Amino acid sequence: MTLVLAATPLGNPLDASARLKKAIESAEIIAAEDSRRFHRLASDLEVTFTARIISFFEGNEKERTSEILTLLREGKEVLVVTDAGMPTISDPGFRLTRDAIALNIPVVVIPGPSAPTMALALSGLATDRFTFEGFLSRGTGARQSHLESLRFEERTMIFFEAPHRITECLTDAVEIFGGNRQAAICREMTKTYEETVRGTLDELL
């Protein structure tokens with residue numbers, strides 16, 4: 001009866017830990033954000049598994065949480081993996097973890113790659129104090145309100161943003177934070193075309 005949260009590679013399968021591989025091979029039940037991507041990951045890692053795969057993504061997280069908690073109470077061990085990075089960090093798993101803890105079900109984390117901290121390290125910006133803001137709202141007004149609430153934030157801020165919205169995001173950031181604020185954009189981290197662009201918000205825009 002253990003809930004295991006396992007970090008998976010951001011893109012480069014060589015970043016997978018030996019512990020992650022062993023957990024996949026020995027798992028009885030695996031809750032995966034995308035079953036097709038999980039099968040691809042297992043193939044890339046050259047690991048075989050016999051676990052039952054449960055689809056566990058944002059759209060069905062509430063329903064699946066109840067199902068997984070039932071399995072845990074029955075004494076099963078459940079391994080949770082997302083498409084990339086650590087479950088619960090802008091990915092499914094928070095509700096499940098919270099509810100498991102409330103039921104005194106043991107929770108174990110297999111650490112590994114983390115997009116926010118990797119981007120922070122690549123940025124060249126201050127790392128002693130930082131805040132992770134996750135994905136900004138898709139709507140212009142909501143996004144601007146989110147950024148406005150951070151206008152006087154002095155810590156390094158980390159955001160996730162979709163490529164097709166990056167221009168709008170930068171435009172809002174320039175307006176609210178000022179064009180001289182230092183920033184960085186990181187994309188395709190650990191992958192073939194990894195790129196980090198650094199400069200002022202004006203320069204990045």
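**Notes on a predicted chain**

1. Among contacts between residues at least 6 apart in sequence, 68% join residues at least 24 apart; a contact here means heavy atoms within 4.5 Å. Before you read on: this is a predicted model, where local features need pLDDT of at least 70, side-chain atom pairs count only at pLDDT 80 or more, and totals for chains, interfaces and linings use all residues. Residues are numbered from 1 along each chain as its sequence is written, and side-chain values use heavy atoms, with hydrogens and water left out.

2. Now the overall picture. The chain has eight helices and nine strands; these are DSSP runs numbered from the N terminus, helices being H or I with at least four residues and strands E with at least two. Its C-alpha trace spans about 55 × 35 × 30 Å along the principal axes. Of the 205 residues, 42% are buried, where buried means under 20% relative accessible area, exposed over 50%, and partly exposed in between, with a 1.4 Å probe and protein chains only. The chain exposes about 11400 Å², and carbon and sulfur atoms supply 49% of that. Those areas come from the Shrake-Rupley method with a 1.4 Å probe; for residues, only the protein chains shown count as cover.

3. Next, the inside. A nonpolar core is a set of buried Ala, Val, Leu, Ile, Met, Phe, Trp, Tyr and Cys residues joined through side-chain atoms within 4.5 Å. The largest one has 18 residues, and Ile24, Ile30, Leu45, Leu79 and Val81 touch the most other members. At least two residues each come from β1 (2-6), α1 (18-26), β2 (29-32), α2 (35-45) and β4 (77-81), with α2 giving the most, four residues. Leaving out residues up to four places away in sequence, Ile24 touches Ile30, Phe38, Leu45, Val47, Phe49 and Leu79. Apart from this core lies another, of 15 residues, among them Leu3, Ala31, Leu69 and Leu72.

4. Who are the neighbours of β1? Two strands pair if DSSP finds at least two bridges between them. β1 pairs with β4 in the parallel sense over four bridges, and Val4 has Leu79 of β4 as its bridge partner. β1 also pairs in the parallel sense with β5 (residues 107-110), over four bridges, and there Leu5 stands opposite Val109.

5. In helix α4 (residues 94-102), Leu96, Thr97 and Ala100 are buried. They lie on the same side of α4 because they cover an arc of only 95° around the axis, taken from the directions from the helix axis to the C-beta atoms. What covers the buried residues of α4 includes β1, α3 (61-73), β4 and β5. After α4 comes Asn104, whose phi is positive, near 60°.

6. Finally, the cysteines. Counting a disulfide as a pair of cysteine sulfur atoms within 2.5 Å, the total is zero. Cys169 is buried, with a relative accessible area of 10%, whereas Cys186 is partly exposed at 23%.
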